Structure formats: structure tokens, C-alpha cells
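Work through these exercises on helix packing and aromatic pairs. Each task is followed by its solution.

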Amino acid sequence: MSRSPFESFVWHSEIFQCDSTDISRFYALLEQEQTRLGLGTKKLGSAGGHPLWLLQSPGQKAGLPNLLISAGFHGEESAGPWGLLYLLSQLDESLFDRVNLSLLPLVNPTGFAKGHRFNQLGENPNRGFFIENGKAKSGDDTSHEGKILLEHAHLLQVASRDGILTCHEDVLLTDTYVYTFEPSQVPGRFSHTLRDALGHYFPIARDGSIDDCPVQDGIIFNHFDTSFESFLVRSGARVGCCSETPGQQNLDQRILANAAAMSAFLDMLVLAE
């Protein structure tokens, strides 16, 4: 089975009382949480008239872990952005005394608004992140959104120094799995904790192959390609994860699972410091 980049996926969320593609409601609720938590906002660029926001905890301090959570690279993978919004609704600003948190809440707004995998130009926003001679570089397959992120590569590299979590979904599956990156030969606590956070909500994928990558115990380990998360790990992020919730399952369950993975990511890396 394969995914069409312009097949439309739309689900309804009882949690947010809207469809998964309701981008106006998403941005309105995001602004509410940004104001409540006092998050700093930086507009990195725009796509199809929509902003690409980088949100950051206020008063970023030296000596605290720098963690980045990103979502919404593929428009049909809507539980990531909504999960991030749910996480924010549960956060207390006291967290920011312990972590420099940065957020890319919605990287592909034109795809999100249509429920399409790719952006409105037919580009894949999670490919085309290259490093050449130690510097960030775009390529022939770098999307419009990817070029915006690469223009701010140094900022994002600093923001993800101690960890990057990017939240994806697999609309073909009913099982969950993770891509993880650790400086070791085998998956460690970081990989297993994030896998188990998702496994609380969904069956863990069986051993085998997913998208031509070997998966064992629900983990695809240290698989480097030209994705955003791989780029940041190559750039120096200590650990990284790309979570994959199953699009064949209920949307609200997927939203809660994404928020749980984000919470586990923060708890593990903030408490570890």
C-alpha cells in the first residue's frame, strides 16, 4: 500500500469539537495557550498565507536543557499538531524554570488545512535537509517549508541541542512505532520510554519492515536520511525521536497518545538534567 500525496484525510475531534483540518480553530487555540503561558513567538516565514511559528519558553536560560518538539510536517498527520495543543493546555509555566522549550507546532499548514500529505506545491516538507561541510544545505527535493527551516538552521540546532521530538503518523497502520536516535549501538531508555508511551494507547508494531526500514520491538533505530529530525541529530542533538501514531485508529486517541509522548520526552530529559 502507498499514500497519495493529495488524498484527503479528515477526522472529527470530540476533544476540540472540530474537524482535524480546522486550521482557523487550531491557530486561535494556539494563540490562547501562547498568551496564557507567556511563550515567545517568532515567525520564521509563511506558507500559503499561513505563518510558520516557532514558540519558545520565556526567559531562556543558560544551563537548562534545550528541547525542541515539532509537528505537522505532513498534512494528513493531524494528531501531532492537535496533540501539541493538548499538551500546552495541560502545561504549567513552572516547567520553564527547568527547560528551554521550543516548539514548531505546524510546519505544513497548507497540507494540514486540506488533509493532504504534501504541501500545496506537491512537496514533501520532511525531506531535503542536508549538511555539507558542516553547514545546513537545501537540495532539489527541499520543500518551501524546508527552505524556511534551513534559513533558521542555527536557531533550531541550538533549540534542539539536548533533544528533538517530531510527531508523525502512519495513516496506513493500526499499530504504533518510533524512529529513534541515540549515541549507542542499541536502543536505550530514551527509545523504550517513548515507544512505551505510545504503546499505552495502541498495539506496538510487529518486527519486520516499515517503509523499507527494519523495525524491532517497535523501534527503527539510528536510521539516517534527509528528514528534519535526522538533520538535527547529525547537527548535534544529543537524542532524537520521530513518533508514529496509527492513522487507522480514533483521532482523539491519537491526540492523547501524541501528547503523552511529548510529556514522556519532557519528563525524561528534563528530569535527567
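Buried means under 20% relative accessible area, exposed over 50%, partly exposed in between (1.4 Å probe, protein chains only). The model is predicted: local features need pLDDT of at least 70, side-chain atom pairs count only at pLDDT 80 or more, and totals for chains, interfaces and linings use all residues. Residues are numbered from 1 along each chain as its sequence is written, and side-chain values use heavy atoms, without hydrogens and water.

**Exercise 1.** Classify W82 and F26 as buried or exposed.

Solution. W82 has a relative accessible area of 1%, so W82 is buried. F26 is at 0% and therefore counts as buried.

**Exercise 2.** Describe how helices α1 and α2 pack.

Solution. Take the ranges first: α1 spans residues 23-37 and α2 spans residues 79-90. (Helices are DSSP runs of H or I, at least four residues.) Their axes, lines fitted to C-alpha atoms over the stretch in contact, are 10 Å apart at an angle of about 30 degrees. Angles under 35 degrees count as roughly parallel, so α1 and α2 are roughly parallel to each other.

Next, list the contact (heavy atoms within 4.5 Å). α1 contributes R25, F26, L29, L30, E33, R36 and L37; α2 contributes P81, W82, L85, L88 and S89.

**Exercise 3.** Characterise the aromatic pair of F26 and W82.

Solution. Rings of Phe, Tyr and Trp (its six-membered ring) pair if their centres lie within 6.5 Å; planes over 60 degrees apart count as edge-to-face. F26 and W82 lie 5.2 Å centre to centre, with 90 degrees between the planes: edge-to-face. F26 is in helix α1 and W82 in helix α2, so the pair ties together parts 56 residues apart in sequence.

Notes. Axes are lines fitted to C-alpha atoms, for helices over the stretch in contact, and angles run from 0 to 180 degrees between N-to-C directions. Helices (H or I, at least four residues) and strands (E, at least two) are DSSP runs, numbered from the N terminus. Angles under 35 degrees count as roughly parallel, over 145 as roughly antiparallel, 65 to 115 as roughly perpendicular and the rest as oblique. Rings of Phe, Tyr and Trp (its six-membered ring) pair if their centres lie within 6.5 Å; planes under 30 degrees apart count as stacked, over 60 as edge-to-face and the rest as tilted.
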